[in-house]
Amino acid sequence: MRYFIIAIIVLVNFLIKSTILHHISVFGVVPNTSLIIIVCLSLLAGKKTGSVLGLILGLLEDMFFYEVIGVHALIYFIIGYLIGLTDKKVFKENLFLPFVFTVLSTFAFHVVYYVFMYFLSINVDFISLLKDIVIIETILNSVLSVFFYKQFLKLYRQPQISFGKK
């Protein structure tokens with residue numbers, strides 16, 4: 001049932017990102033909802049779900065939004081896997097956790113993306129990228145991640161009282 005819900009989340013995210021999210025921007029920057037979903041679900045579900053989810057979301061974005069296929073998929077895969085490694089080692093009810101991991105992953109995403117673009121001979125000015133996009137996107141993603149995480153936490157929270165046989 002969880003995987004079905006995750007598939008619906010991926011589909012809805014893709015539809016929103018491809019249709020209306022580009023019209024809702026703050027200072028010209030759109031929050032990266034795919035990265036937020038990867039961070040939140042990797043924290044809750046672990047490295048396997050996080051890495052597969054990152055790969056799927058990245059491939060979808062690469063195929064429909066960008067010219068180079070595989071860059072977002074690889075970066076999201078690695079982020080999902082690395083954050084998923086903390087699955088059993090952190091207190092999942094803490095809402096500060098997705099905030100911090102989203103800050104780190106947004107910054108890491110842009111640094112690794114810049115490195116890929118550098119080696120693909122695509123000129124990107126890192127200072128202007130940092131000033132104009134990364135700082136604002138990091139703030140947007142981090143604030144939104146708390147709201148996303150609260151909703152996903154309901155999906156992964158185990159019931160405290162069960163009525164019936166075990």
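Angles run from 0 to 180 degrees between N-to-C directions, and axes are lines fitted to C-alpha atoms over the stretch in contact. Helices here are DSSP runs (H or I, at least four residues), numbered from the N terminus.

The model is predicted, and its local features need pLDDT of at least 70. Residues are numbered from 1 along each chain as its sequence is written.

Start with helix 2 (residues 33-45) and helix 4 (residues 71-84). They pack at about 30 degrees, with axes 8 Å apart. Helix 2 and helix 4 are therefore roughly parallel.

Now look at the contact itself (heavy atoms within 4.5 Å). Helix 2 brings Ser34, Leu35, Ile38, Val39, Ser42 and Leu43; helix 4 brings Tyr76, Ile79, Gly80, Ile83 and Gly84. These residues divide into 7 nonpolar, 4 polar and no charged. Gly counts as polar in this scheme, and Tyr as nonpolar.

Next, the backbone. Most residues other than glycine have a negative phi. Phe27 has a positive phi of about 55 degrees. Phe27 lies in the loop between helix 1 (2-19) and helix 2.

Ser121 sits in the loop between helix 5 (96-119) and helix 6 (126-156). At 63% relative accessibility, Ser121 counts as exposed.

How values were computed
Predicted model: local features only at pLDDT ≥ 70, side-chain atom pairs only at ≥ 80, totals over all residues. Heavy atoms only, no water. Helix = DSSP H or I, 4+ residues; strand = E, 2+ residues; numbered from the N terminus. Parallel < 35°, antiparallel > 145°, perpendicular 65-115°, else oblique. Buried < 20%, exposed > 50% of the residue type's maximum accessible area, 1.4 Å probe, protein only.
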